[in-house]
Amino acid sequence: MFDQQLTFVKKQFQTKMEAIDFLIQKAIESKKVIGGEAYKQSVCQREEEFSTAVGYDIAIPHGSSQDVQESFVAVAT
């Protein structure tokens, strides 16, 4: 489920959405997600319902849609 292609160290983001967009784009590029709009919408809806932040600048945003071709974990620090 962890993939080196989806691990990014010392990335700088200005906003939460910038980080989410970046990771979704990388998931699309690695063919884990096709299209991406429905997946992004599901991630944003989940964040609206309840934040996935766990503290210490760590969050685990996630969603589910038919865009997802394979389960994956994308990591950015």
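Author: Let us begin with Phe72, which sits in the loop between β3 and β4. Please keep in mind that this is a predicted model.

Reader: Understood. Is Phe72 buried or exposed?

Author: Phe72 is buried, because its relative accessibility of 17% falls under the 20% limit.

Reader: Which residues is Phe72 in contact with, leaving aside its neighbours within four places in sequence?

Author: Those residues are Met1, Leu6, Ala27, Lys32, Val33 and Tyr39. As for Leu6, 66 residues separate it from Phe72 in sequence, while their C-alpha atoms are 8.5 Å apart in space.

Reader: Which residues make up the largest nonpolar core?

Author: That core has eight residues, namely Leu6, Ile20, Ile24, Ala27, Val33, Tyr39, Val43 and Phe72. Two elements, α1 and α2, each give two or more residues to this core. The most comes from α1, which gives three residues.

Reader: Then let us look at α1. How many residues does α1 have, and how far does α1 reach?

Author: Helix α1 has 14 residues and reaches 20 Å from its first C-alpha to its last, close to the 20 Å expected at 1.5 Å a residue.

Reader: Which residues of α1 are buried, and what do they pack against?

Author: The buried residues are Ala19, Ile20, Phe22, Leu23, Ile24 and Ala27. They pack against β1, α2 and β4.

Reader: Changing topic to the rings: how many aromatic pairs does the structure hold?

Author: The structure holds three aromatic pairs. One of them joins Phe13 and Phe22, with 5.5 Å centre to centre and 55° between the planes, a tilted arrangement. Phe13 is partly exposed at 24% relative accessibility, whereas Phe22 is buried at 19%.

Reader: And what is the geometry of the Tyr39 and Phe72 pair?

Author: The ring centres of Tyr39 and Phe72 are 6.1 Å apart and their planes stand at 55°, so this pair is tilted. The pair links distant parts of the chain, with Tyr39 in helix α2 (residues 37-49) and Phe72 in the loop between β3 (58-59) and β4 (73-76), 33 residues apart. Tyr39 is buried, at 9% relative accessibility.

Reader: Which residues form an aromatic cluster?

Author: Phe8, Phe13 and Phe22 form one aromatic cluster.

Reader: On to charges. How many salt bridges does a search of the whole structure find?

Author: The search finds five salt bridges. Among them, Lys32 and Asp3 meet through their side chains at 3.5 Å, N to O. This pair links distant parts of the chain, since Lys32 is in the loop between α1 and α2 and Asp3 is in strand β1, 29 residues apart.

Reader: How accessible are Lys32 and Asp3?

Author: Lys32 is buried, with a relative accessible area of 9%. Asp3 is buried too, with 16%. Together with Glu70, Asp3 and Lys32 are linked in a network of salt bridges.

Reader: Last topic, the backbone. What is the phi of Lys10, and where is Lys10 found?

Author: Lys10 has a positive phi, near 60°, in a residue other than glycine. Lys10 is found in the loop between β1 (2-8) and α1 (16-29), and it is exposed at 71% relative accessibility.

How values were computed. Residues are numbered from 1 along each chain as its sequence is written. This is a predicted model: local features need pLDDT of at least 70, side-chain atom pairs count only at pLDDT 80 or more; totals for chains, interfaces and linings use all residues. Side-chain values use heavy atoms; hydrogens and water are left out. Rings of Phe, Tyr and Trp (its six-membered ring) pair if their centres lie within 6.5 Å; planes under 30 degrees apart count as stacked, over 60 as edge-to-face and the rest as tilted. Buried means under 20% relative accessible area, exposed over 50%, partly exposed in between (1.4 Å probe, protein chains only). Helices (H or I, at least four residues) and strands (E, at least two) are DSSP runs, numbered from the N terminus. Contact means heavy atoms within 4.5 Å. The expected span of a helix is 1.5 Å times one less than its number of residues. A nonpolar core is a set of buried Ala, Val, Leu, Ile, Met, Phe, Trp, Tyr and Cys residues joined through side-chain atoms within 4.5 Å. A salt bridge is a side-chain nitrogen of Lys or Arg within 4 Å of a carboxyl oxygen of Asp or Glu.
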